[in-house]
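Please look over the sequence and the model shown here before reading on.

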Amino acid sequence: MAGYDFILAGAALTALPSGALHWPEQATLVVSDLHLGKAERIARRGGTLLPPYETTETLNRLEADIEAVAAGCVLCLGDSFDDLEAAGGLPQDEADRLARLMAGHHWIWVEGNHDPGPTELGGTHLARVRLGPLSFRHIAQPGASAEVSGHYHPKARIAAGGRRIAARCFLLDAARLILPAYGAYTGGLHCDDPALSGLMGADARAVLLGDPPRPIPMPGAQSRPVSFRESR
Amino acid sequence: MSGLPAPFAGWFASRGWQVHPHQREMLARAEAPASLLIAPTGGGKTLAGFLPSLVDLAHGRHRGLHTLYISPLKALAADIRRNLTRPIAEMDLPIRVEDRTGDTPQSRRRRQRADPPHILLTTPESLALLISYEDAPRIFSGMKRVVLDEVHALAESKRGDQLMLALSRLQTLAPGLRRTGLSATVEDPEAIARFIADHPARCDIVRADPGPAPDIAMLETAEPPPWAGGGGRYAVEAVLDQVRRHRTTLIFHNTRAQAEIFFHALWLANTEGLPIGIHHGSLSLEARRKVEAAMVASELRAIVCTGSLDLGIDWGDVDLVIQVGAPKTVKRLVQRIGRSNHRYNAPSKALLVPANRFEVVECRAALDAVRENDLDGAPRGPGPRDVLCQHMMICAAAGPFDAGTLYAEFRRAGPYAALTRPAFDECLEFCATGGYALRAYDRWQRLMQDADGRWRLRDPRRARDIRMNIGTIIDQDTLKVRLRNRRGGAPLGEVEEAFAASLTPGDSFLIGGQVVRYEGLREMVVEVTRQVGREPKVAVFMGVKLATSTQLSERVLRLLDQPDWPALPAHTADWLRRQREISRLPAPGRLLVESFPREGRAHTCVYGFAGRNAQQTLGLLLTRRMEEAGLAPLGFVATDYATLIWALEPLENPAQLFSRAGMAAALEGWLASNAVMKRTFRASATIAGLIERNLPGGRKSGRQATFSSDILYDTLVKYDPGHLMLKITREEAMRGLVDFGRIEEMLDRVAGRIDHVRARHVTPLAAPLLLEVGRVPISGAAEARLVEAEAQRLMREAGLA
């Protein structure tokens, strides 16, 4: 499994093909927007009955990543559960599975807008986390620096050889990193959306998920590349 | 005028009209449980359908709804209302007629439920909505008759399946209901009769005089058709000449994109400024209405159109129909020809324009078939279960139901007459709990069972969502196209989201016959400016590409298998003779496979004559098998009659490649991870209610909250491969886009008789395939390399790497 290595505020980080972030120096794995229990929440609220396998699928991915990087600390960057009731209402086998996964790891739940409070699942519950030079929170704050967040589920399109390929992506500039959504049942927000292009700097790049992840200039980044093309 | 009650006989006489024998017969059969009238356009078909109702209502004693009329087109419902209102007014009959479609204002719809008219004109979707209301029994219990218009078109689609389920429900509410189907000429009237019958009762067929044989020929042009392609642009001058010589000409095309290109070319050649319009399903409603109105007012000399004008309003002034491109099915050709000359006793006049050299052969075969009145068509098979699931929820919205009673009711519908109880129960399980094998969700269900065993909605408020999601037409994701700075103005039309995303500012494309320049995307609207005189990049419109029918393909094969071709134009006969010298011609009951080297690639051409979709699937399966055999295939292209594959290594033994077991195994492996399956899944899952539609207004907010249906498909394949939705998807794909049935048919027909010709260079018959668009590259690894190269280029360009 090849990752994409980069430096943010002096921290050497690796974007993994799955959408997780690895910080080797801190033996830490960061994932955002797991949205566990999404099918259950939609059904509970009277929506459609989606295939109830997304929690299993997401935990499978997470387990594979934790083992691959031998993580000591797992940091879930918010919206880990589709809502707080979903966190309490995981079916027994899935709750057991999560407990086994948590055992032996320093596990941190950061609050998200979907899960704005502690759950009964153990681990540490925090509104935000500072680790070394970096701050971790669910939603990026305009003007912050050395910040790692999630929330927006960024994705990007690339046209290559006559095909258009859309992929989830990390967004990265000098000041911040935004993680893609990790959960199985998650959609994406195109990174040329004003909500994202307004946050990221002119030099931002999007790291498309895949094995290996591939960096491109962030589509929609301010003042890129029109002026560049015209000056050529 | 015998047989007609006084006011009617008088009315016919006052207009100087004869009652057609089939109109009289339909009246005589008024009490039959179901009858199907097959009549050509212009034969007074609609009046024949309504006469029994008008006669029965003339005494003025009936209260409430008497007759329901259902048409596949909203516009037709409104048109019929106008046409019925006239005789009713002139005979001073005490009959109220109203239409009800998606365009009817909410206030009137509410009033129609409280106080229904005697005759209600509507569409399958509006009817489905009506029967979902709790007061449906009150509205429908006194109803006497139902008239199904253009039922041949409905019988080919899920809209028809849904309609037949709705009729079963109506039959339960109004047991004495009589059914009347009105159909254009079809190959198998018995199949339509079975479709509309109230099973196990029968449906009788009444055949009107088909009228005189059509006057139909191939259009002669100065230059021969090109070797490949599908637009028919070479024939623009000859077509324009025909337009000049007729009052009104309909110019049919097989795809919207081709219609756009042709219209543009026609417009450039139209120096004298003849009024010519364009009409297709991607144009805005306003644009289409304008063209229709101009047509009705006889202001247009020609309309370039697609299947959007296959049905609908009768335009008496059309005296010529031109079909550009091979008609693909004889039946559709005959129906299109019928769009000209709606006077009953005059022959329809039509011209065929083959778009390329091979289509000359296909057009010739189709002309012969029309002359022999040998129509084609494939049986549709049992009704799909995604529609069944939707209808079950509609029934639940109306009120609690007993499963056994509902099952019996469903089996009265033609498409579901052979539905088994286990198949029904599977749908019920899906509707109630989602039907997931690995997890029983007793905590949350959509349907619950009462103490008395009846099923009801767990949450009655969900009836609203069910109603919002009614319908079996699945829209592609499209974006409106508007002129910049005209935000209030009417949109020009729609393009697919995928096409819009591929545009960069400055690109130009055709829409509604204009060349426009893409300026940008603003709040999900494609903004454009007008651009004059530039060669456009053409809009890619989706839509199913119709495959040439089995029967027409066989005719083409028989036509090729002749000593010589006096009936074909010289240029085409010469081409076939050359093929015979260099290679050989495809023959019925055999499979021709040609191998030849070209530009360092080993080419293989397989003449399966299985229709476009099956030939496409064949390409995917064969390349998969060639990959396994180490032949390193690079790509392929498919047409209705052949698939051309290029590879690094030459093919030595085609017989091995076509082994049935090997083909079936390749299919299994390929189906699981396939874009066609995902597209089919999305449609079926939306109809069945697993996915809710993107409703208007719900689109802008929180796009990251919605996720692709592909994810659901992948999840089911991985964790619940036996799930009902996957079964339905497979059934649908097999008869639709994958069309594996026709590959099996071809293998049966050929039964191992493979003629493998090794030529030194490209053969005459294979050459046009080299020019075809729509090449499919096949390597997954190649795609990864492309992305890598493009990513690096972008990074360098932006100075980031």
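What follows is a short account of selected features of chain B.

This is a predicted model, in which local features need pLDDT of at least 70, side-chain atom pairs count only at pLDDT 80 or more, and totals for chains, interfaces and linings use all residues. Residues are numbered from 1 along each chain as its sequence is written, chains are lettered from A and ligands numbered from 1 in the order in which they are written, and side-chain values use heavy atoms, with hydrogens and water left out.

The domain bounds in the table come from an automatic or database domain assignment.

| Domain of chain B | Residues |
|---|---|
| domain 1 | 6-207 |
| domain 2 | 215-371 |
| domain 3 | 385-468 |
| domain 4 | 478-530 |
| domain 5 | 550-780 |

Between the C-alpha centres of domain 1 and domain 4 of chain B the distance is 41 Å.

Over all chains there are zero disulfides, a disulfide being a pair of cysteine sulfur atoms within 2.5 Å. C389(B) is in no disulfide, and its nearest cysteine sulfur, that of C427(B), lies 3.8 Å away. C389(B) is buried at 0% relative accessibility, where buried means under 20% relative accessible area (1.4 Å probe, protein chains only). C605(B), with a relative accessible area of 0%, is also buried.

Chain B has an open sheet of five strands in the order β17-β16-β20-β19-β18, with mixed pairing. Because β17 (493-496) and β18 (508-511) of chain B each have a single partner strand, they stand at the edges. Strands are DSSP runs (E, at least two residues) numbered from the N terminus, and two of them pair if DSSP finds at least two bridges between them. In chain B, β19 (residues 514-522) and β20 (residues 525-530) run antiparallel and are joined by six bridges, with L521(B) opposite V526(B) in β20(B).

Note on methods:
Buried means under 20% relative accessible area, exposed over 50%, partly exposed in between (1.4 Å probe, protein chains only). Helices (H or I, at least four residues) and strands (E, at least two) are DSSP runs, numbered from the N terminus.
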